[in-house]
Amino acid sequence: MQTVERMAPLQDEMIALRQHLHAHPELGLEEYNTSKLVASLLEGWGFNVATGLGKTGVVGTLSNGTGRKAIGLRADFDALPIFEETGLPYASKTPGLMHACGHDGHTSMLLAAAKYLAESRSFDGTVHLIFQPAEENFGGAKLMIDDGLFDRFPCDAVFGMHNMPDLEAGVFGFKEGTLFANADGFDVLLTGRGGHASTPELTQDPIVAGASIVMALQTLVSRNLDPMEAGVVTVGVFQAGRASNAIPQSASLTVDARAFTPEVATLLKRRIPDLIRLQAESLGVTATITELTGYPVLVNDVGMTQFARKIAVNTVGAARVVDLKRPYTGAEDFSYMLQKRPGSYLVLGAKANTSQPLHNPGYDFNDQVLLTGAAYWADLAQAFLAST
Ligand SMILES: [Zn+2]
Ligand SMILES: [Zn+2]
């Protein structure tokens, strides 16, 4: 019998749990009730539970048999500051907060796997189930690592999973190497000298400097990058001035930079502030640049990805496993965990008739894939711990 069938009796409970989480979303680093609920369920199933990693993160540990290997499986559990418009009976009870990325589903899948592994004891070794806060904003993965995640819970490998509403339901997607982009950002304040529009010679114009910076930034991708590499530099905000007859004192810009290799990310991170500063200086304007927290490129380990793919073939059959052709332009903080441990991040197709994209106010996690995702986690844990 397949694990999916063995876990079928858990399905109703999992759906109820997922919908409960959906109705009670909490923002990153404020997931107090979610964290408490996860911890108490894990404790009830016999896990050793550690709380407070990365403020609200939870790790459940369970060992069985004599195996010495350990695997880390990660789910995120934060919600987004979005007004839900699904009209569902279990829609968010907190106006302005919503599980619009399916982290309610990720948490439920890993909890279901936890319950199954605890009851079946069908593994030999140690599982560390990592429930992570603040994926959407504060880099909860890094906060947990900084709190000693992998020192306190040594994992030989670590795996994570995201639902994808544009991929066929129940299909697993894998990709070796880069899967998510590096995202960096900069806030820029240009300070010049304001004055009358008719006497520009008495001013240092931050608008002219800003315009020149926006254009100069376009040369980074076209002139600094290897033509075979990809990158994006976008100025998303340019604000200045209030009157046609006045040159303002200051202007502000924000710059967003995306890259798919650490090398390109490093290049852009160095060149963007350099170019802004020098360009501003040449026009007599001062640039104050604040780097915004971004996430590094998510790079999947080749061997671990091949292993994880093989297990998916066992769980759902080869027809339901695909190789992803290109990385996503979004960012994902599981990249920090993959910098510390070998592992792989994979996606689970969750398309439904009414599927809206992630982060859309009409989005809802597809409960029909809960069982598949949970069974995969259980299969992966068992197989990884049994592997030599
Ligand atoms: Zn998201
Ligand atoms: Zn997400």
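Helices and strands here are DSSP runs, numbered from the N terminus. The model shown is predicted.

**View 1. Helix 7 lies across strand 8, strand 10 and strand 12.** This helix covers residues 206–224. Its direction makes an angle of about 170 degrees with strand 10.

**View 2. Four strands form an open sheet in the order 10-12-8-13.** Pairing in this sheet is antiparallel. Strand 10 (231–240) and strand 13 (286–295) are the edge strands; each has a single partner strand, so one side of each is left without a neighbour in the sheet. On average, and with direction ignored, neighbouring strands are turned by 15 degrees against each other.

**View 3. Strand 8 and strand 12 run antiparallel and are joined by 10 bridges.** Strand 8 is made of residues 182–191 and strand 12 of residues 250–259. Asp 184 has Ala 257, in strand 12, as its bridge partner.

**View 4. Domain 1 meets domain 2 within the protein chain.** Domain 1 consists of 3–180 + 297–386, and domain 2 of 182–295. A distance of 38 Å separates the C-alpha centres of the two domains. Domain 1 contributes 9 residues to the contact and domain 2 contributes 11 residues. On the side of domain 1 that touches domain 2, the residues are 3 nonpolar, 4 polar and 2 charged.

Definitions and conventions
Residues numbered from 1 in each chain as written. Chains lettered and ligands numbered in written order. Predicted model: local features only at pLDDT ≥ 70, side-chain atom pairs only at ≥ 80, totals over all residues. Domains from an automatic or database assignment. Contact = placed C-beta atoms within 7 Å. Nonpolar A, V, L, I, M, F, W, Y, C, P; charged D, E, K, R; others polar. Pairing = 2+ DSSP bridges. Helix = DSSP H or I, 4+ residues; strand = E, 2+ residues; numbered from the N terminus. Axes fitted to C-alpha atoms, helices over the stretch in contact; angles between N-to-C directions.
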